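Hi,

Here is the structure I said I would pass on. Have a look, and my notes follow below.

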Amino acid sequence: MGKSRKGILTIVHKEEIAEGIIRVELVGELVKEMDEPGQFIHIRPGMGIDPFLRRPISICDVNLEENKLTIIFRVEGKGTQLLAETPVGTEVDVLGPLGQGFPIHHRQSGDHALLVGGGVGVPPLLYLAKKLVRQGVKVTSIIGFGEKNQVFLEDELAFLGTVYVTTIDGSYGYQGLVTDLFPQVKKWNVLYSCGPIPMLKAIQHLFKEEEKEGYLSLEQRMGCGVGACLACVCQVNSSEKKYKKICSDGPVFALEEVAL
Ligand SMILES: Cc1cc2nc3c(=O)[nH]c(=O)nc-3n(C[C@H](O)[C@H](O)[C@H](O)COP(=O)(O)OP(=O)(O)OC[C@H]3O[C@@H](n4cnc5c(N)ncnc54)[C@H](O)[C@@H]3O)c2cc1C
Ligand code: FES
């Protein structure tokens with residue numbers, strides 16, 4: 001479980017940044033540990049017994065000087081609805097940082113990273129982009145959404161590199177899928193991606209014949225979040241081990257590692 005631990009964070013800001021998409025800033029000592037992009041927190045939505053389970057949400061951005069964490073989530077069901085309704089000033093119970101994030105330590109100045117995000121897979125790419133740029137890595141992002149009113153984080157990512165936006169219905173940016181734009185980005189040497197399984201599967205398929213360095217972050221329903229309950233297993237393409245736990249072995253895996 002590494003250096004992950006439990007703590008109380010206080011909500012200091014909350015706003016709806018796109019349709020049904022909520023951005024929340026939290027402050028607390030626990031944030032000091034959150035220096036690896038791609039990790040997540042496991043947050044208790046409310047202090048009552050319903051819902052009983054925590055909800056996993058990616059670390060979107062961190063300000064280590066101010067001990068401030070940003071998360072961005074879509075209101076899906078009971079847990080995220082409750083979180084969205086929690087007033088500024090409330091203390092929330094958080095476990096984290098959890099999981100293995102995106103490997104970036106071996107990246108060098110002059111590398112070119114392609115970041116690909118779909119929907120609520122986009123948030124972890126912001127902290128990743130910031131870290132990469134600080135290491136001298138050129139960053140190009142392709143982010144995809146259903147329609148114009150669901151688009152978020154375009155400006156923040158544009159501050160760090162080139163950004164392409166796609167929408168399925170063509171109401172903003174390019175009409176189509178994120179993968180349609182891959183030919184536009186030349187000479188990247190590492191790919192980092194987070195989004196829905198069909199998107200990650202398409203990416204895996206595109207590069208199955210090529211030896212491209214890439215990493216995929218998977219989302220799965222979780223129980224414990226720390227590797228104890230086996231609620232989050234996924235199949236892997238390896239002979240010695242058939243399954244891995246998304247919460248503790250992931251959520252980030254090498255491009256060819258997981259069987260989607
Ligand atoms: C490592 C990780 C990081 C995540 N980061 C983010 C994030 O940054 N922003 C964000 O909006 N969401 C993120 N998610 C998804 C988020 O955890 C779910 O949307 C949330 O748990 C739903 O809880 P709920 O109580 O609102 O909905 P529920 O009532 O539990 O479910 C409502 C709907 O959401 C679906 N759902 C529930 N959990 C998941 C899940 N884990 N993945 C996909 N679909 C799910 C259900 O099938 C159902 O259709 C992440 C998930 C993981 C595993
Ligand atoms: S959520 Fe319990 S093992 Fe992953």
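Which residue in S6 does Ile21 stand opposite? It's Arg74. Before the rest, bear in mind that this is a predicted model.

That pair belongs to the contact between S2 and strand S6 (residues 68-74), where seven bridges join the antiparallel strands. S2 also pairs with strand S1 (residues 5-18), again antiparallel and over seven bridges; there, Glu15 has Arg23 as its bridge partner. The S1-S2 hairpin leaves two residues between its strands, and Gly20 has a positive phi near 75 degrees. Strand S2 (residues 21-27) is largely enclosed by the rest of the structure, because six of its seven residues are buried.

Then there's an open sheet of seven strands with mixed pairing, in the order S11-S10-S9-S8-S12-S13-S16. Its edges are strand S11 (174-175) and strand S16 (252-254), each pairing on one side only. Within this sheet, strand S8 (residues 112-118) runs parallel to strand S9 (residues 138-145), with seven bridges between them. Gly118 has its bridge partner, Gly144, in S9. Helix H4 (residues 197-206) packs on the sheet and touches S8, S12 and strand S13 (214-217), at about 160 degrees to the direction of S12. Helix H2 (residues 123-134) lies across S8, S9 and strand S12 (190-194), at about 170 degrees to S8.

Leu230 sits in the loop between S13 and strand S14 (233-235), and counts as exposed because its relative accessibility is 53%.

Cheers

Conventions. Residues are numbered from 1 along each chain as its sequence is written. Chains are lettered from A and ligands numbered from 1 in the order in which they are written. This is a predicted model: local features need pLDDT of at least 70, side-chain atom pairs count only at pLDDT 80 or more; totals for chains, interfaces and linings use all residues. Side-chain values use heavy atoms; hydrogens and water are left out. Two strands pair if DSSP finds at least two bridges between them. Helices (H or I, at least four residues) and strands (E, at least two) are DSSP runs, numbered from the N terminus. Contact means heavy atoms within 4.5 Å. Axes are lines fitted to C-alpha atoms, for helices over the stretch in contact, and angles run from 0 to 180 degrees between N-to-C directions. Buried means under 20% relative accessible area, exposed over 50%, partly exposed in between (1.4 Å probe, protein chains only).
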